[in-house]
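Trainee: I have just opened this entry and would like a short tour. Could you guide me through it?

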Amino acid sequence: GGHVVEFRHKPLDLDLTWRSPRRGWPEPPSADFFDTYPGGWQEVLPNGGAPATYRGAVLDQHGEVAALPWECVPLDDGVRLTVAATRTPFRVSKVLRLDGARLVVEETLENEAPVEVHAMWGQHLAFGAPFLVPGARLTLPEGVRVIPHASTINPPRRAVAPGGPY
């Protein structure tokens, strides 16, 4: 699915991501999103949160591109990942490269249809232990808001309370 399975702070040898002990996507069709979710960091497109239907296309939780195989091309200074969605007319390409200790991500989203198509596009980074512990706080840049769904989805597994913004 083109997802990052490890995001490690090298000076402390600390992996920031949570990964499922089951690690990995099975061959489709899958049973339940959480039965097969590998953890790590995924691209969320063309929808986020709960499963949805858009213009007749049935979309799983967090969309379709996270579970599709991506083309991976090594570059001199990083890697390019590209995927074409199968149920919607989107193609996404991203380049990951290191700039010192900073990861730079450059992305392009293309609508290959001759008509306007709506999408929710984002990143889903599952933070986990030992980085994320009870009482830990994540501080976002000024102006960034987290707006969860109006009601809890997939209870009791979703930790963020409905409502917001936070």
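This is a predicted model: local features need pLDDT of at least 70, side-chain atom pairs count only at pLDDT 80 or more; totals for chains, interfaces and linings use all residues.

Trainee: How many helices and strands are in the chain?

Mentor: The chain holds one helix and 10 strands.

Trainee: What share of the contacts with a separation of 6 or more joins residues 24 or more positions apart?

Mentor: That share is 40%.

Trainee: And what about the accessible surface of the chain?

Mentor: The accessible surface comes to about 10700 Å², and carbon and sulfur atoms account for 57% of that area.

Trainee: Let us change topic. How many salt bridges does the structure hold?

Mentor: There are eight salt bridges. As background, side chains of opposite charge can pair when their charged atoms come close.

Trainee: Which residue does Asp77 pair with?

Mentor: Asp77 forms a salt bridge with Arg97, and the closest N and O atoms are 2.9 Å apart. Asp77 lies in the loop between strand S6 (71–75) and strand S7 (78–84), while Arg97 belongs to strand S8 (residues 90–99), so the pair ties together parts that are 20 residues apart in sequence.

Trainee: How accessible are those two residues?

Mentor: Asp77 is partly exposed at 43% relative accessibility, and Arg97 is also partly exposed, at 22%.

Trainee: Is Asp15 buried or exposed?

Mentor: Asp15 is buried, with a relative accessible area of 7%. Asp15 forms a salt bridge with Arg19, with 2.9 Å between the closest N and O atoms.

Trainee: Which residues are linked with Glu6 in a network of salt bridges?

Mentor: Glu6 is linked with Arg8 and Asp13 in such a network. Within it, the side chains of Arg8 and Glu6 meet at 2.9 Å, N to O. Arg8 counts as partly exposed at 28% relative accessibility, and Glu6 does as well, at 39%.

Trainee: Where does Asp13 lie?

Mentor: Asp13 lies in the loop between strand S1 (8–9) and strand S2 (14–15). Asp13 is exposed, with a relative accessible area of 54%. Its backbone also deserves attention: phi is positive, about 50 degrees, although Asp13 is not a glycine.

Trainee: Why point that out?

Mentor: Because most residues other than glycine have a negative phi.

Trainee: What is the phi of Arg55?

Mentor: Phi of Arg55 is near 50 degrees, which is again a positive value in a residue other than glycine. Arg55 is placed in the loop between S4 and strand S5 (57–59). Arg55 is exposed, at 59% relative accessible area.

Trainee: One last topic, the peptide bonds. Which residue is joined to Pro46 by a cis peptide bond?

Mentor: Leu45 is joined to Pro46 in that way, with omega at about 5 degrees. Pro46 sits in the loop between strand S3 (41–44) and strand S4 (52–54).

Note on methods. Residues are numbered from 1 along each chain as its sequence is written. Side-chain values use heavy atoms; hydrogens and water are left out. Helices (H or I, at least four residues) and strands (E, at least two) are DSSP runs, numbered from the N terminus. Buried means under 20% relative accessible area, exposed over 50%, partly exposed in between (1.4 Å probe, protein chains only). Contact means heavy atoms within 4.5 Å. Accessible areas come from the Shrake-Rupley method with a 1.4 Å probe; for residues, only the protein chains shown count as cover. A salt bridge is a side-chain nitrogen of Lys or Arg within 4 Å of a carboxyl oxygen of Asp or Glu.
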